[in-house]
Amino acid sequence: MTEDGDPTPGSATIARLRRELARGTTELAVLSVLNVRRRYGYELLKELRQAGEGVLEIKEGTLYPLLHRLEDSGHIVATWEAEGRSRPRKYYVITEDGRAYLTMLREEWSGLVEAMRQLLTTLGEVPE
């Protein structure tokens, strides 16, 4: 048992690692989802949670400030739209600048994944 009462040694470290990885990949995840089609905030949050399968635990308090930063930087644009009699929703769409930024983020992520694969293979941790 760990000091904090967790019965699984190392689980706190794994949880911390997952949080750090999620922080570093949230922009990539958001822009990837928006690259497929426009989304409103809650729809985006729901899709990210579902696709992340518990690893990408994105909260509203993380998502909405990120969306504002992406909008301020010109990577996405937001428009208010009402469908039928429903309340207006704020839809987010990726811009051309956002697509270029997404390409750069994907290349960086792929490079990191490949470097880690090489490192782990060199150390004999990952079978080829």
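Colleague: Which strand is R39 found in?

Modeller: R39 is in strand β1, which covers residues 39-40. Bear in mind that this is a predicted model.

Colleague: Is R39 buried or exposed?

Modeller: R39 is buried, because its relative accessible area is 3%, and the cut-off for buried is under 20%.

Colleague: What does R39 touch?

Modeller: Not counting residues up to four places away in sequence, R39 touches V33, L34, L44, E47, K90, Y91 and Y92.

Colleague: How far apart are R39 and Y92, in sequence and in space?

Modeller: In sequence, R39 and Y92 are 53 residues apart. In space they are 5.5 Å apart, C-alpha to C-alpha.

Colleague: Let me step back. How many helices and strands does the protein chain have?

Modeller: There are four helices and three strands in the protein chain. Along the sequence, the pattern reads α-β-α-α-β-β-α.

Colleague: And how much of the protein chain counts as buried?

Modeller: The figure is 27% of the 128 residues.

Colleague: What about contacts between residues 24 or more positions apart?

Modeller: Taking the contacts in the protein chain with a separation of 6 or more, 44% are between residues 24 or more positions apart.

Colleague: On to the helices. At what angle do α2 and α3 pack?

Modeller: Helix α2, residues 41-52, packs against helix α3, residues 60-72, at an angle of about 120 degrees. Their axes are 11 Å apart.

Colleague: What does that make them relative to each other?

Modeller: The two helices, α2 and α3, are therefore oblique to each other. Their crossing is right-handed.

Colleague: Which residues meet there?

Modeller: From α2 they are G41, Y42, L44, L45, L48 and R49, and from α3 they are E60, L63, Y64 and L67. By class, this contact of α2 with α3 has seven nonpolar residues, one polar and two charged.

Colleague: You listed Y42. Why does Y42 count as partly exposed?

Modeller: Y42 counts as partly exposed because its relative accessibility is 48%, and the exposed class starts over 50%. The C-alpha atoms of Y42 and L63 are separated by 9.5 Å, and the two residues are 21 apart along the chain.

Colleague: And L48, buried or exposed?

Modeller: L48, also found in helix α2, is buried, with a relative accessible area of 4%.

Colleague: What is L48 in contact with?

Modeller: Leaving aside neighbours within four places in sequence, L48 is in contact with A29, V30, V33, L56, I58 and L63. For V33, the C-alpha to C-alpha distance from L48 is 7.8 Å, and the pair is 15 residues apart in sequence.

Colleague: New topic: how many residues are in the largest nonpolar core?

Modeller: The largest nonpolar core has 20 residues. Those with the most contacts inside it are V30, L44, L48 and L63.

Colleague: Which elements give two or more residues to this core?

Modeller: They are α1, α2, α3, β3 (89-94) and α4 (96-122). The largest share, six residues, comes from α1. As general background, nonpolar side chains tend to be buried together in soluble globular proteins.

Colleague: V30 was on your list. What is V30 in contact with?

Modeller: Apart from neighbours within four places in sequence, V30 is in contact with L44, L48, L63, L66, L67 and L70.

Colleague: One more residue. Where is T25?

Modeller: T25 is in helix α1, residues 11-36. T25 counts as buried because its relative accessibility is 11%.

Colleague: And what does T25 touch?

Modeller: T25 touches L56 and W109, not counting residues up to four places away in sequence. L56 is also one of the residues in contact with L48.

Conventions. Residues numbered from 1 in each chain as written. Predicted model: local features only at pLDDT ≥ 70, side-chain atom pairs only at ≥ 80, totals over all residues. Heavy atoms only, no water. Buried < 20%, exposed > 50% of the residue type's maximum accessible area, 1.4 Å probe, protein only. Contact = heavy atoms within 4.5 Å. Axes fitted to C-alpha atoms, helices over the stretch in contact; angles between N-to-C directions. Parallel < 35°, antiparallel > 145°, perpendicular 65-115°, else oblique. Left-handed = near helix turned anticlockwise from the far one by under 90°. Nonpolar A, V, L, I, M, F, W, Y, C, P; charged D, E, K, R; others polar. Core = buried A, V, L, I, M, F, W, Y, C linked by side-chain atoms within 4.5 Å.
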